[in-house]
Amino acid sequence: ATVSVLYCHLPNSMSNEQNATNSKRHSTASSGKRSLRKAPSMEHIEWGKDDQQQPPIWKIALTGGPCGGKTTALSIVADRLRSHGLQVFTVPENATLFSNAGAGFPVDSHKSHQLTWETSRMISQMQMEDTFIQIALSSGKPTVILMDRGVMDAKAYLDEESWETTLSEMGWDEAAFLIRYDLVIHLVTTAIGARKHYVNTVYRHETPDQAATLDRKIQSVWKNHRSRQEIDNSTGYNDKVRRVIDSLCATGIGLTPQSDHSLVYELCPDILKSTTDFPKCEKIQTIGVILQNSTSEHYEIIRKRLQNSGEYYFWGCKTPDCWEERIITSCEFFDMLELAHPKLPAFELHKYVWIDPGTNSLCELSCHPSLSYCLLEVEPGKADFTKDDLPSWIQPHVVSDVSASWNIFTLVQNWSRQYDGDDT
């Protein structure tokens with residue numbers, strides 16, 4: 001089918017009034033004003049004659065103040081959605097892309113330069129979002145597009161005069177920005193309610209007080225969105241992510257709520273020989289590298305993940321009080337390889353994730369070839385789930401129950417124990 005890239009399609013859940021509001025097209029400003037385009041619309045897409053129905057597209061923005069956990073949540077939520085058979089695209093944070101390219105925000109420059117940067121970044125973000133939507137529509141598959149921040153976040157970083165000037169010169173209006181997204185999930189910064197977990201990074205320079213102020217500004221700019229959820233820090237981070245997933249369940253995507261507990265089983269490695277018994281599942285291969293200066297209390301790792309013919313890169317850090325993870329570029333990954341731990345070789349992990357149709361349980365099988373064991377983590381789809389409810393082809397391979405939940409850092413600990421050295 002041929003697709004016209006003039007416009008993008010809004011999901012059927014959008015009202016006609018919202019569609020009309022969002023139907024403005026981009027043009028150029030003249031008469032001495034900066035020559036910049038108006039906001040791209042997401043109103044319409046043309047299909048070939050053989051295409052009778054467009055697939056559903058859900059557009060979801062994760063936002064919030066610094067150190068709220070949104071980037072880590074983005075990765076976890078994307079994996080869960082894929083396990084339900086959905087196509088998932090993740091739109092990276094636009095400002096980070098600019099910074100990595102050497103075109104970061106001009107902090108010390110004049111106001112006109114700063115406004116041009118912010119306006120250009122907003123245009124770039126909307127173009128990227130629209131491009132992902134066009135690709136999703138042309139695929140013919142139901143797709144969830146997860147955005148690391150939404151375009152309205154820009155208002156929180158500008159004073160009122162600069163914001164109104166930008167809207168006026170570009171011919172934009174806030175209503176059109178708000179209806180770009182079906183759902184906005186605000187993850188509150190740890191500077192509010194969990195200050196001891198607030199940490200700075202190379203990308204995060206705000207003090208806890210500055211982070212809290214910025215978080216409240218972001219909450220305010222999105223307050224008029226028709227479907228906004230706020231995820232505070234009243235629970236630990238795992239439950240915080242669970243509440244994000246619960247918010248998604250109300251959108252009609254077909255996602256199952258995350259259980260507040262998991263059952264973990266150790267399996268014999270020979271389960272991998274039962275390939276004919278495996279259900280249709282999401283397959284993920286991870287190659288991880290532990291960085292130097294990691295200790296038994298503090299792990300820093302980088303990962304390359306192969307999934308759906310795509311490559312994704314992550315940096316993660318685990319301390320006794322905090323777990324942080326963010327998406328990085330391939331260039332950052334290969335630069336960080338220079339900091340690999342001198343005693344610990346890279347490790348490999350294979351994951352198989354699926355929904356068991358009999359119990360509606362989320363199953364995640366993690367296999368580490370070098371350590372010769374497999375762990376199956378089951379998120380029960382019913383309250384009285386027992387080992388007898390496991391699929392019949394899995395039951396013969398169960399060695400024992402495991403009391404604690406499992407994550408990538410559990411693997412790192414077990415991997416490091418295979419090698420001598422007081423520093424690991």
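This structure holds 10 aromatic pairs, where rings of Phe, Tyr and Trp (its six-membered ring) pair if their centres lie within 6.5 Å. It's a predicted model, so local features need pLDDT of at least 70 and side-chain atom pairs count only at pLDDT 80 or more, while totals for chains, interfaces and linings use all residues. Residues are numbered from 1 along each chain as its sequence is written, and side-chain values use heavy atoms, with hydrogens and water left out.

**Ring pairs**

- Take phenylalanine 105 and tryptophan 117: their ring centres are 5.2 Å apart and their planes are at 80 degrees, so this pair is edge-to-face (planes over 60 degrees apart; under 30 is stacked and the rest are tilted).
- Phenylalanine 105 lies in the loop between helix 3 (94-100) and helix 4 (111-139), and tryptophan 117 lies in helix 4, so the pair ties together parts 12 residues apart in sequence. (Helices, H or I with at least four residues, and strands, E with at least two, are DSSP runs numbered from the N terminus.)
- Phenylalanine 105 counts as partly exposed at 36% relative accessibility, whereas tryptophan 117 counts as buried at 12%. (Buried means under 20% relative accessible area, exposed over 50%, and partly exposed in between, using a 1.4 Å probe and protein chains only.)
- Tyrosine 181 and tryptophan 222 make an edge-to-face pair too, with ring centres 5.6 Å apart and planes at 70 degrees.
- That pair ties together parts 41 residues apart in sequence, and both tyrosine 181 and tryptophan 222 are buried.
- Ring pairs also link Phe98, Phe105 and Trp117 into a cluster.

**Charges over a ring**

- The charged end of arginine 82 sits over the ring of tyrosine 312, 5.6 Å from its centre. (For this, NZ of Lys or CZ of Arg must be within 6 Å of the ring centre and within 35 degrees of the ring normal.)
- Arginine 305 lies over the face of tyrosine 312 as well, at 5.4 Å from the ring centre.

- (Two strands pair if DSSP finds at least two bridges between them.)
- Strand 1 (residues 57-63) and strand 4 pair in the parallel sense over 4 bridges, and threonine 63 has histidine 186 in strand 4 as its bridge partner.
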